[in-house]
Amino acid sequence: MKSAVLVFPGINRERDMARALRLASGNETAMVWHAETALPKGTDLVVVPGGFSYGDYLRCGAIAARAPVMDAVRDFAAKGGLVLGVCNGFQILCESGLLPGVLMRNAALKFVCRDVHMKVERSDTPFTRGYNAGQVIRVPVAHGEGNYEADEETLKRLEGDGRVLYRYCSADGVVDEASNFNGAAHSIAGIVNERGNVLGMMPHPENHVEEIMGCTDGRGLFAGLVQQFEKAA
Ligand SMILES: NC(=O)CC[C@H](N)C(=O)O
């Protein structure tokens, strides 16, 4: 699997992401600067990583969404290429129109940095095939604007089409107000676009991939993506 990680000024998780991708795939990852107008030839997966692009000015992700490289990402996605956005990456994908909805300030208006749990809603997608449907995984979050919101019609379509792939829950899988730490509509942690090739999620699976991190629950996402390309080869 050939992956490309985008780099914007203020991003800080790009190396964690590149490491997780390398551990899973055995290949080096291309780092692509925001001012580029093309992606490396043969790219299978584009990752928009987490951080504080452009200092979170205006709204998280609003400026990065207008960077030159995002036109190339839009073309790539339009051709069916896989795009993964994590945290600030999810915000950038929403701001760039690749995903519906918006990430608002966390309900308690505080930055939250801790481990949370989320449920994998289905396992028959490139972004979840490394897990079982209904599996509960532990993942870190670190964000101030993770409260996913969309209009009623959009939420209905997301649910009806099975496009909510990850949902916040308790350690034993209960989806309720208590486990919905940032106030997201329908406890949404991650969604895909209509075609199913663009995923945005707030938690950081790349930070739970090695024993030394205290948890390896994030591995499934990367292993599943690698499997996807092994299958295609
Ligand atoms: N870890 C991140 O990507 C943080 C995203 C964004 N800066 C926020 O605070 O919401």
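**View 1. Cys87 is buried in this predicted model.** Around Cys87 there are 29 other C-beta atoms within 10 Å; a residue is called buried when 20 or more lie within 10 Å of its own C-beta atom, exposed when there are 12 or fewer, and partly exposed in between, with C-beta atoms placed from the backbone. Cys87 sits in the loop that links strand S4 (82-86) to helix H3 (88-95); helices (H or I, at least four residues) and strands (E, at least two) are DSSP runs, numbered from the N terminus. Its phi is positive, about 60°, although Cys87 is not a glycine. Leaving aside neighbours within four places in sequence, Cys87 is in contact with Gly50, His143, Met202 and His204 (contact: C-beta atoms, placed from the backbone, within 7 Å).

**View 2. Here are the positions that UniProt lists as "active site".** The unreviewed entry names Cys87, His204 and Glu206. They gather at one spot, because no two of their C-alpha atoms are more than 11.1 Å apart, even though they span 120 residues in sequence. Such annotations may be inferred rather than shown by experiment; feature names are shortened and positions follow the numbering used here.

**View 3. Glu206 is buried too, with 31 other C-beta atoms within 10 Å.** Glu206 lies in the loop between strand S11 (198-201) and helix H5 (219-232). Leaving aside neighbours within four places in sequence, its contacts include Arg13, Asp16 and Val86.

**View 4. Leu109 is exposed, with 9 other C-beta atoms within 10 Å.** Leu109 has a positive phi of about 60° without being a glycine.

**Notes.** Residues are numbered from 1 along each chain as its sequence is written. In this predicted model, local features need pLDDT of at least 70 and side-chain atom pairs count only at pLDDT 80 or more, while totals for chains, interfaces and linings use all residues.

Note on methods
Contact = placed C-beta atoms within 7 Å.
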